[in-house]
Amino acid sequence: EASCSNGKGFSVQAQNESIETIEHYSSSAFNVTVYANKSIGSATTNDLSQNALITTTEKAFSLANLTARDQFNGLADANLMAQKPMDLKLYHPWQLDIHQAQTMSLECEQAALDADSKVKNTEGANVATYENRTVYANSHGFVGLKESTGHTISCTAIAAENGSMEMDYDYTTAMNANDLLDHKEIGKKAGLKACAHLGARKIKTQKAKVLFGPRQAKSLIGHLTAAIGGTSQYRKASFLLDAMDQVICPDFINIKEEPHLESAFGSAYFDAEGVKTKPRVLVDKGMLTGYLLSSYSARRLNLSNTGNAGGYHNLVVEPTAESGLEDIVKSMGTGLMVTSLIGYGVNIVNGDYSRGATGFWIENGEIQYPVSEITIAGNLKNMLRNIVLVGKDLNSESSIVCGSILLDDLMVAGY
């Protein structure tokens, strides 16, 4: 099997009311993998000349002769290949020149500074765009092309008052520039969010309800996907080991894989091995119905390939409530609303979870004050089972599409 890719793009960073950096980038790569008598060899080059491609292929053959045999090695089965190309509307070049990007980044930063008099500085505003093409082929005769684009506007603001200083950010990202939020709005939001955290305090250590906004909630689903990945399963390194057909969430939780959504970051009609992708249900009424398997991990586990070589393709967590973040806050009574997570104290093997956090303390359904220097601790098995609801405020800025998630009975450590 072989793949060839090339990409290009640029980014513009404004800071201190002037353009700080302009970066252009361009990349190309050729990768070839050879399977010989159940041994595997792989080699990569950035030089796409004919001689370099031949040399790289010869190196892959050489490596295949040196590596140990593994009965599970090999291409995905030929009958699983995607036979019919699909246009998933993933390629939307942004007709943006450098001068326009400079103006947008300057205006974005200025909007942050103008949002409130307490915004004293920024760490910059950035406008970036890229496009990528990848062709994959294997000796089953499969050839597939994926063309995609991505565009981002972001800003980080710094607010200060009475000796207190806080920083926060906002961003928008999409495959189609028409789906981006206005750059001035991003700057304004970053400024207001930084101001909202001024005067942050600690809270007493206690068990409480914890509300993750859509962007933070995605990380919980990300830990779930890591645990049900084929590699974690066959290595027996998962807190959800052998959990197929077991209840892992409340019965109102449904999670689907939707690989054919148009203009979505995780969309693909074939996976990294050329296998046809299919919509399916991963969690059905709280029960885990499948793993994320490549051909290798499927053979190791004596299961069927699920078309997930290279990862998952758009996981959609179905809302369980008719409300978004603000309404959930009003209904949750007392607890913590998390706005950012710090560090990565997550053990996928046993499920232990401990991460620093900032956010807001809620009482009687209203925000009382910002909080910082706190730690959220628990075990992912229990956290998944203690989901109270999933909001309808779906965020589709990545390959996990999820709304706010409210958890019950989680340890919040302060003082």
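1. Which helix gives the largest share of the lining of the largest cavity? That would be helix 8, with three residues. A cavity here is a set of points on a 1 Å grid, over the protein atoms alone, where a 1.4 Å probe fits but cannot get out, and lining residues have an atom within 4 Å of a point. Helices (H or I, at least four residues) and strands (E, at least two) are DSSP runs numbered from the N terminus.

2. Some ground rules before going on. This is a predicted model, where local features need pLDDT of at least 70 and side-chain atom pairs count only at pLDDT 80 or more, while totals for chains, interfaces and linings use all residues. Residues are numbered from 1 along each chain as its sequence is written, and side-chain values use heavy atoms, with hydrogens and water left out.

3. Back to the cavity. (Grid points are joined across faces, edges and corners, and a volume is the space filled by probe spheres set on the points.) Its lining consists of Leu220, Ile221, Leu380, Met383, Leu384, Ile387, Ile405 and Leu407. At least two lining residues each come from helix 4 (214–227), helix 8 (380–385) and strand 17 (405–413). By class that makes eight nonpolar, no polar and no charged residues. For the classes, Ala, Val, Leu, Ile, Met, Phe, Trp, Tyr, Cys and Pro are nonpolar, Asp, Glu, Lys and Arg are charged, and the others, Gly among them, are polar.

4. Now the largest pocket, a pocket being an open set of points with protein on both sides within 12 Å along at least five of seven lines. The largest pocket has about 950 Å³ of space. Of its 32 lining residues, Lys193, Gly213, Pro214, Arg215 and Leu325 lie nearest the centre. Two or more residues each come from strand 6 (164–174), helix 3 (183–196), helix 4, helix 7 (325–331) and strand 12 (335–346). Strand 6 gives the most, six residues. The lining splits into twelve nonpolar, ten polar and ten charged.

5. The second largest pocket comes to about 410 Å³. It is lined by 22 residues, with Phe270, Asp271, Ala272, Ala309 and Gly310 nearest its centre. Strand 4 (119–137) has the largest share of this lining, at three residues. The classes are nine nonpolar, ten polar and three charged.

6. On to the sheets, where two strands pair if DSSP finds at least two bridges between them. Six strands form an open antiparallel sheet in the order 3-2-1-4-5-6. Strand 3 (39–45) and strand 6 are its edges, each pairing on one side only, and the twist averages 20 degrees from one strand to the next. Within this sheet, strand 4 and strand 5 share 17 antiparallel bridges, with alanine 137 opposite valine 143 in strand 5.

7. Two helices to check against that sheet. Helix 1 (residues 50–64) lies across strand 2 and strand 3, at about 155 degrees to strand 3. Helix 3 lies across strand 4, strand 5 and strand 6, at about 150 degrees to strand 6. (Contact means heavy atoms within 4.5 Å; axes are lines fitted to C-alpha atoms, for helices over the stretch in contact, and angles run from 0 to 180 degrees between N-to-C directions.)

8. There is also an open sheet of five strands, in the order 10-9-8-11-16, with mixed pairing. Strand 11 (residues 315–317) and strand 16 run parallel, joined by two bridges; leucine 315 stands opposite isoleucine 400 in strand 16.
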